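Please look over the model below before reading on.

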Amino acid sequence: MAQIAAKPAPAATPAATPAGTPAGLDPYRLRTDFPILGTVNRFGKPLIYLDSAATSLKPLAVIEAVDGYNREYSSNIHRGIYELAERATGAYEAARVSTARLINAPEAAEIVFVRNATEALNLVAYSWGRRNIGRGDTIVLTEMEHHANLVPWQILVQEKDGDLEFIPITDDGLLRLEVYEALLHLRPKLVAFSHVSNMLGTINPVKQLTEMAHAAGALVLIDGAQAVPHIPVDVQEIGADFYVFSGHKMLGPTGSGALWARRELLEAMPPFMAGGDMIREVHLRRSDFNDIPYKFEAGTPAIAEEIGMGAAAEYLMGLGMDNIRVHEQQLAAYAMETLRREVPGIEIYGPEAPYRGGVVAFNLPGIHPHDVAQILDRAGICVRAGHHCTMPLHERFDLAATARASFNVYTIPEEIDALAVGLREVGRIFDREPGRPV
Amino acid sequence: MPWGSARSGESSTASPAGRYRGILDSMDDLYRDYILEHYRRPHNFGVLDNPTTSYEGANPLCGDRITMMLGIADGIVREVAFTGRGCAISQASASLLTDEIKGKTVAEVEKMTPDMLLDLIGIDISPARLKCALLSLDTVAHALADEASADEASADEASADEASADLASAAQEEAGAQG
């Protein structure tokens, strides 16, 4: 029976930490902040969670923030004139401030709380898109988009008789900028792309892409769902117009997320959903809408969840986004090196580590990723298998599906070692002759 | 070493590496030898020259794909073959099912339930993998429905269109079930 090798790590990538600098983030210590990491599966195996790109685990700071609202000051916001309601409103608005700081938004009022990045994208497609996209207008996307940054635009251009164009990618999973340049001659109204690909892990050159789009007169929307938890994001430095992300991928609760957009864009956009809280005055036949961001937050929002998202933002900033990036870049490099060395025949998709976030999609020769994931599950190892909501991207690589390991602040190299040993075992199970022990 | 001294080589169960010792010992029970054998060397794999009915079924979400070909005479499944690709469970299931239905009457095959097929497969199928396990039976059912509607078509061509429209909408539903 193979065992997890207790050997020293190979030399790290020539990476982001200058030699001799103490590591900025201690994943071993912070793991105690995540109670779920102490659990075991039905076979008694400790949790090896390598599916953080799907959703992240939650630290105590977030769990307690949500719990605190529910236990101590559960009440509606922006309404009640009593202590609990004032506390709830204060905590909710403080979460907005924390969320704004995380991406260096110029002002908290430009943060609209939504359920997730998908809702933020739909909000922009319905509100901004329906007012600004017309017959013959072009929206430029990329081949690597998550369905959430594709399908809303398909629906919009079908309705408005507009066009979609796509920036293709290289076999290494990088955007082909020369084709992008040519597409910009079509004078698109909007360019929308992911900051970090959820399948390839590619970190796109968002500042350059944004500058090129602006020079061609297009607005820029960035899907930051896979970036905000993992790399420093500064929307002002990037120069973006819209930036969307989910709370649950950044250590926050499910049901939390944010849209950031420049104030003048939000002010010019019509409401997406209508109802309470988004109005200033209501008459029977007309209403005046509230200021931003409340204009876009109709009805009672996910108060507890957004408070949890604020706690997650504070937790991430406490660790330091630069430190997180260094840790995860090292993990990605370590994973690619280890898997290539230890797992015969493994095929890894996407770019090399410097251009890659903590995401590694792969296949074992002749073994369907569902079988890989199913067998790994027995060992307590959680990986995603399927198309990861990027069917066009899988078609681009002529793949039915891939398996994907993805990392976060709490991921440690021993878990990658365990994955490598687990994958070797999967290969051995599939290779063995019947009747012979493994 | 990027993670500093915390990443130790100790193998005690208290250390991170030690904690993951022995995780492999339950991996082996799931995909039994006969499942893997059916996957590697599937029975009845190939094409029939003159099937009386055939159908291509797919799980678009995972890329499993099976084409079932049946040769039916006098209400009996005389010949059966399949081609396809996909996960071990979907392909082993097709291999086992084709063995099972060969020589049975159409009425018997039509009465086969998902549970009967799962018993035949004989391993734990998690809810997420049910579609893989049941694709073969679903594809056989579609092939038989096509055969039945083709028989009726001589009397009433419209019913065949209806059946294929049903299949198309069922496939669409399936495709839309997950994102």
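Predicted model: local features only at pLDDT ≥ 70, side-chain atom pairs only at ≥ 80, totals over all residues.

1. Residues are numbered from 1 along each chain as its sequence is written, chains are lettered from A and ligands numbered from 1 in the order in which they are written, and side-chain values use heavy atoms, with hydrogens and water left out.

2. Start with helix α5 of chain A, residues 151-160. Helices here are DSSP runs of H or I, at least four residues, and strands are runs of E, at least two, numbered from the N terminus. Its buried residues are P152(A), W153(A), L156(A) and V157(A) (buried: under 20% relative accessible area, 1.4 Å probe, protein chains only). They fall within an arc of 125 degrees seen down the axis of α5(A), so they line one face of the helix. The arc is taken from the directions from the helix axis to the C-beta atoms.

3. What follows α5(A)? D161(A) does, and its phi is positive, near 65 degrees.

4. The lining of the largest cavity includes A53(A), Q226(A) and F407(A). A cavity is a set of points on a 1 Å grid over the protein atoms alone where a 1.4 Å probe fits but cannot get out; lining residues have an atom within 4 Å of a point. This lining has four nonpolar, four polar and no charged residues.

Technical notes. Buried < 20%, exposed > 50% of the residue type's maximum accessible area, 1.4 Å probe, protein only. 1 Å grid on protein atoms, 1.4 Å probe; cavity = no way out; pocket = protein on both sides within 12 Å on 5 of 7 lines; lining within 4 Å. Nonpolar A, V, L, I, M, F, W, Y, C, P; charged D, E, K, R; others polar.
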